Amino acid sequence: MTEGRAPALWALIPAAGVGRRMGAERPKQFLRLGSRSVLEHTLGIFLEHPAIRGVVLVVGSGVDSDAMELPSAGGRLFLVTGGAERADSVRNGLEFLAGRAGPEDWVLVHDAARPCLPPEDLDRLISLLQHDPVGGLLAAPSSDTLKLAGTGERVERTLDRSSVWRALTPQMFRLQALREALDAAAASGVAVTDEASAMEFAGAHPRIVEGSPMNIKITQPEDLEVAEIYLRRQQRLRNAG
Ligand code: CTP
Ligand code: MG
């Protein structure tokens, strides 16, 4: 808040996973959806957004960046090497950003494996959170009735569906606060699978912004077909082969 300029917006795309559950010949972010890779679809959403100053792409250490067919980005795309877990990859990306962004700048962390993020959801997240003290995340309500399991695979009770959300990405937090939260979680040995969990661990209450259930994380082989349908519906699947 001490800076003399409005906080900038940055995107950070963790793409250093191996895609174990997908079981393909290469990590799922490099599989094709139409004429482009999953990763190119995802990057496009952020590189084409006029309010986003730069995109930090976190890739695995063995990845040949020349073979990645990255979109031309006019110097707005930065490559960083990832770590063992998603949170480690995000921390590496944040460390890089700390060298060129302000501590109060916003960082939008978005899984490479979510190419179907509707651009209007990104716009809504930014506009609802840009003056928020904490930040928040896109999330989707559950359409199923939810059961809390007890012991022996038996239902303990039914959860109130209206108070349970599925965490999606992007998750939007301020650079320094998010760095500190992820560092603190790591130092305490707490495994966090999203940025909001780290912020919660630090005592914050991230804001929930309802997003489209089309914003799936490609995880299993059948998710690729679903992603193609959603991209086509958004008219974002060009020259589909
Ligand atoms: N990711 C990362 N660094 C890791 C692990 C995951 O940057 N060490 C990224 C993935 O590339 C993906 C996102 O975090 O874009 C979400 O992770 P997930 O869906 O779990 O991808 P994978 O870890 O690759 O898949 P799996 O868990 O099935 O191996
Ligand atoms: Mg994983």
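The second largest pocket of this predicted model holds about 170 Å³ of space. A pocket is here an open set of points on a 1 Å grid over the protein atoms alone, where a 1.4 Å probe fits, with protein on both sides within 12 Å along at least five of seven lines; lining residues have an atom within 4 Å of a point. Grid points are joined across faces, edges and corners, and a volume is the space filled by probe spheres set on the points. The lining of the second largest pocket includes R36, H41, G44, P119, D123 and R238. At least two lining residues come from each of α1 (38-47) and α3 (119-129), helices being DSSP runs of H or I of at least four residues and strands runs of E of at least two, numbered from the N terminus. By class, this lining comprises 4 nonpolar, 3 polar and 5 charged residues; Ala, Val, Leu, Ile, Met, Phe, Trp, Tyr, Cys and Pro count as nonpolar, Asp, Glu, Lys and Arg as charged, and the others, Gly among them, as polar.

The largest pocket has a volume of about 900 Å³ and is lined by 35 residues, with G17, R21, E85, R86 and K217 nearest its centre. Its lining draws at least two residues from each of β1, α2, β10 (165-174) and α4 (175-187), and α2 provides the largest share, 5 residues. Of the lining residues, 15 are nonpolar, 9 polar and 11 charged.

The elements contributing two or more residues to the shell around the ligand are β1 (9-15) and α2 (86-98). The shell contains 19 residues, of which G19, R20, K28, S89 and K217 come nearest; a residue is near a molecule if one of its heavy atoms lies within 4 Å of it. This shell consists of 7 nonpolar, 5 polar and 7 charged residues.

A side-chain N or O atom of S89 lies 2.7 Å from a nitrogen atom of ligand 1. Oxygen atoms of the ligand lie 2.9 Å from a polar backbone atom of P14 and 3.2 Å from a backbone N or O atom of A112. On its own, ligand 1 has 570 Å² of accessible area, of which the protein covers 89% (Shrake-Rupley method, 1.4 Å probe).

Two backbone features were also identified. Most residues other than glycine have a negative phi, and most peptide bonds are trans. The peptide bond between T169 and P170 is cis, with omega about 10 degrees, and P170 lies in strand β10. E153, in the loop between β8 (147-149) and β9 (155-158), has a positive phi near 55 degrees.

Residues are numbered from 1 along each chain as its sequence is written, and chains are lettered from A and ligands numbered from 1 in the order in which they are written. Local features need pLDDT of at least 70 and side-chain atom pairs count only at pLDDT 80 or more, whereas totals for chains, interfaces and linings use all residues, and side-chain values use heavy atoms, with hydrogens and water left out.

Note on methods. A polar contact is a pair of N or O atoms within 3.5 Å; within protein, one must be able to donate a hydrogen and the other to accept it, and residues adjacent in sequence count only if both atoms are side-chain atoms.
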